[in-house]
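My notes follow in the order I looked things up.

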Amino acid sequence: MSSVRDLPPLEIGYRGTRLAGVDEVGRGPLVGSVVAAAVILDPARPIAGLSDSKQLSARRREALDAEIRSRALAFAVAEASAAEIDELNIYHATHLAMRRAIDALSVAPEYLLVDGNRLPGHHVPGQAVVKGDARHPAIAAASILAKVARDADMVTLDARYPDYGFARHKGYPTREHLAALERLGALPEHRRSFGPVRRQLALF
């Protein structure tokens with residue numbers, strides 16, 4: 001499996017200041033929305049320590065989340081619901097959430113840097129960047145905002161349904177989550193098109 005070091009240097013076809021980094025969190029979980037964020041960083045107010053959100057502790061992510069919201073030129077967080085994921089599939093729902101985040105920016109971006117290998121079909125030009133959250137600070141900032149927002153959603157869901165353990169596994173198909181799904185059944189927030197949920201629903 002390739003690492004960031006194995007990839008060619010990132011060359012960006014844009015030299016202005018209205019570059020938006022875009023990333024998502026939540027493609028793999030069995031429950032809840034997929035969350036995307038878009039961030040235009042301010043070159044005059046750099047933020048130290050921006051990195052792939054998965055490599056940061058929860059406390060560090062939350063501190064950076066506050067700093068990004070304070071220092072960025074613009075930021076937005078958006079989502080596509082579990083129902084939209086079931087209707088569109090996770091790939092198209094992810095791109096829908098990304099487009100919503102881009103459209104919600106208070107400063108119109110001129111160029112997009114999107115984590116992954118596909119652009120989300122927005123009219124603003126840009127490029128897809130494999131492992132982008134570890135290669136560009138604007139994408140890293142977007143990954144942090146999306147991760148903090150989705151984790152907060154899971155904590156809220158955990159308060160409503162404490163027997164499922166959402167605050168711990170964040171909706172991913174862990175052994176704990178699968179056992180709770182089998183024991184307690186699917187919730188309205190579960191993604192019905194995902195295999196483990198679909199199989200559980202077929203039993204009833």
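I started with Gln200, which I found in helix 7, residues 195-202. This is a predicted model, so I kept that in mind throughout. Is Gln200 buried or exposed? The relative accessible area came out at 6%, and since buried means under 20%, Gln200 counts as buried. I then listed its contacts, skipping neighbours within four places in sequence: Leu181, Gly185 and Ala186.

Next I went to Val130, in the loop between strand 5 (126-129) and helix 4. Val130 has a relative accessible area of 40%, so I put it down as partly exposed. Leaving out residues up to four places away in sequence, Val130 touches Leu7, Gly116, Asn117 and Arg135. I also checked Val130 against Arg100: they are 30 residues apart in sequence, and their C-alpha atoms are 21 Å apart in space.

The largest nonpolar core has 27 residues. Which of them touch the most other members? I got Leu19, Val39, Leu41, Leu50, Ile68, Leu113 and Ile144. The elements giving two or more residues to this core are strand 1 (19-25), strand 2 (34-40), helix 1 (58-71), strand 4 (111-115) and helix 4 (137-160). Helix 4 supplies the largest share, 10 residues. I noted a second, separate core of 26 residues as well, with Val22, Ala74, Ala101 and Leu112 among its members.

Beyond its neighbours within four places in sequence, Ile144 is in contact with Leu50, Ser51, Ser53, Leu56, Arg61, Leu64, Asp65 and Ile68.

Last, I looked at how helix 1 packs on helix 4. Their axes come within 9 Å and cross at roughly 120°, and the crossing is left-handed. On the helix 1 side I listed Arg61, Glu62, Leu64, Asp65, Ile68 and Arg69, and these meet Ala141, Ile144, Leu145, Lys147, Val148 and Asp151 in helix 4. How many residues of this contact are nonpolar, polar and charged? I sorted them into 6 nonpolar, no polar and 6 charged.

Technical notes. Residues numbered from 1 in each chain as written. Predicted model: local features only at pLDDT ≥ 70, side-chain atom pairs only at ≥ 80, totals over all residues. Heavy atoms only, no water. Core = buried A, V, L, I, M, F, W, Y, C linked by side-chain atoms within 4.5 Å. Buried < 20%, exposed > 50% of the residue type's maximum accessible area, 1.4 Å probe, protein only. Helix = DSSP H or I, 4+ residues; strand = E, 2+ residues; numbered from the N terminus. Contact = heavy atoms within 4.5 Å. Axes fitted to C-alpha atoms, helices over the stretch in contact; angles between N-to-C directions. Left-handed = near helix turned anticlockwise from the far one by under 90°. Nonpolar A, V, L, I, M, F, W, Y, C, P; charged D, E, K, R; others polar.
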